[in-house]
Amino acid sequence: MKKQFVVIGLGRFGSSLTRTLIENNHEVLALDKDINLVEKMATIATHVVQGDSTDETVLQELGVHHFNHAVVAIGENLQASILTTLLLKEMGLSKVTAKATNATHGKVLMKIGVDQVVYPERDMGIRLGTQLSSDNLVDYIELSPHYNVVEMKAPQSMNGRTLAQLDIRATYGCNILAIKSGESVNISPKAEDVIRTEDILLMIGSNKEIRHMEDKYGHKW
Ligand code: ATP
């Protein structure tokens with residue numbers, strides 16, 4: 001479904017967000033006070049405007065209140081980030097997401113009624129740190145602070161063994177949701193399916209269970 005977004009601030013974060021939304025066929029009204037960034041973005045987006053988002057008249061003239069979701073992608077300039085967020089909430093936007101550069105910034109944004117705070121630098125650091133901590137982790141989705149869905153390269157020690165033989169659910173409490181073998185994906189793995197070293201396993205489990213399983217296979221992965 002096509003959605004409409006307002007993106008305020010076209011730095012690295014705001015511009016990559018805008019690009020991704022446009023690539024996914026959504027409509028974006030982008031705003032930045034820097035004309036160079038506006039001109040750059042104008043080559044891919046149709047509604048790109050130069051203006052100051054802390055000026056209520058600018059936001060009103062742009063019809064920002066007709067949009068459901070705005071993203072405030074201003075980080076360094078705290079005052080501009082906070083004032084813009086406040087104006088957007090006052091204008092009645094049902095969802096405002098704002099980028100925070102640190103926990104205090106995030107706290108203030110929450111206090112003034114922002115719906116979602118994102119911490120791109122902190123989250124990317126956690127993500128990369130988690131990936132680098134494991135030799136086999138390809139990617140992961142955090143379901144909650146304790147549960148993850150992880151994509152892992154199958155360890156050498158599993159090569160040629162069936163899911164029944166490995167008995168991962170009973171031994172470690174994790175479930176294998178799918179097995180990727182090259183281009184093909186087995187989305188309903190059966191007990192008799194055989195794991196190969198080059199396979200990628202999509203697993204769900206608690207962090208503790210997944211770590212436990214990794215430790216067990218660790219030196220052989
Ligand atoms: P990024 O990390 O995304 O590259 P940054 O930290 O380098 O961003 P920020 O200070 O977070 O820079 O600003 C992001 C963008 O927001 C900049 O392009 C800046 O011109 C724009 N911006 C800042 N204040 C305003 C404002 N009041 N109105 C419109 N745009 C603004």
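His69 is buried, with a relative accessible area of 16%, where buried stands for under 20% relative accessible area, exposed for over 50% and partly exposed for what lies in between, judged with a 1.4 Å probe and the protein chains only. The structure is a predicted model, in which local features need pLDDT of at least 70 and side-chain atom pairs count only at pLDDT 80 or more, while totals for chains, interfaces and linings use all residues. Residues are numbered from 1 along each chain as its sequence is written, and side-chain values rest on heavy atoms, with hydrogens and water left out.

His69 belongs to strand β4, residues 69-72; helices (H or I, at least four residues) and strands (E, at least two) are DSSP runs numbered from the N terminus. The side chain of His69 makes a polar contact of 2.8 Å with the side chain of Thr97. A polar contact here is a pair of N or O atoms within 3.5 Å; within protein, one atom must be able to donate a hydrogen and the other to accept it, and residues adjacent in sequence count only if both atoms are side-chain atoms. Setting aside residues up to four places away in sequence, His69 touches Gln4, Phe5, Val6, Leu93, Lys95 and Thr97, contact being taken as heavy atoms within 4.5 Å.

Strand β4 also holds Val72, which is buried at a relative accessible area of 0%. Apart from neighbours within four places in sequence, Val72 is in contact with a set of residues that includes Ile8, Thr84, Leu88, Val96 and Lys99. The C-alpha atoms of Val72 and Val117 are 9.5 Å apart in space, although 45 residues separate the two in sequence. Thr84, one of the contacts of Val72, lies in helix α4 and counts as buried because its relative accessibility is 0%. Beyond residues up to four places away in sequence, Thr84 touches Ile8, Ser53, Thr54, Val72 and Ile74.

Helix α5, residues 103-111, has His105, Gly106 and Leu109 as its buried residues. These cover an arc of only 100 degrees around the axis, and therefore sit on the same side of α5; the arc is that of the directions from the helix axis to the C-beta atoms. An α-helix has 3.6 residues a turn, so residues three or four places apart point the same way. The cover over the buried residues of α5 includes α4 (78-90), β5 (95-99) and β6 (116-118), whereas the face of α5 turned away from its buried side carries the exposed residues Ala103, Thr104, Lys107 and Lys111. At the start of α5, a side-chain oxygen of Asn102 comes to within 3.1 Å of the backbone nitrogen of Thr104, and just after α5, Gly113 takes a positive phi of about 95 degrees.

The ligand is surrounded by 20 residues, of which the closest are Arg12, Phe13, Asp32, Asp52 and Gly75; a residue qualifies when one of its heavy atoms lies within 4 Å of the molecule. A backbone N or O atom of Arg12 lies 2.6 Å from an oxygen atom of the ligand, and a polar side-chain atom of Lys99 is 3.0 Å from an oxygen atom of the ligand. An N or O atom in the side chain of Asp52, in turn, is 2.8 Å from a nitrogen atom of the ligand. The protein covers 86% of the 620 Å² of accessible area that the ligand has on its own, with areas taken from the Shrake-Rupley method and a 1.4 Å probe, and with only the protein chains shown counting as cover for residues.

The chain as a whole is divided into domain 1 (4-118) and domain 2 (123-220), bounds that come from an automatic or database domain assignment. The C-alpha centres of domain 1 and domain 2 lie 38 Å apart. Ser206 lies in strand β11, residues 200-206, and is buried at a relative accessible area of 10%. Ser206 touches His146 and Tyr147, not counting residues up to four places away in sequence.

Most residues other than glycine have a negative phi. Asn25, in the loop between α1 (12-23) and β2 (27-32), instead has a positive phi near 65 degrees, and is exposed with a relative accessible area of 57%. Asp167, in the loop between α7 (163-166) and α8 (168-172), likewise has a positive phi, near 50 degrees, and is partly exposed at 39% relative accessible area.
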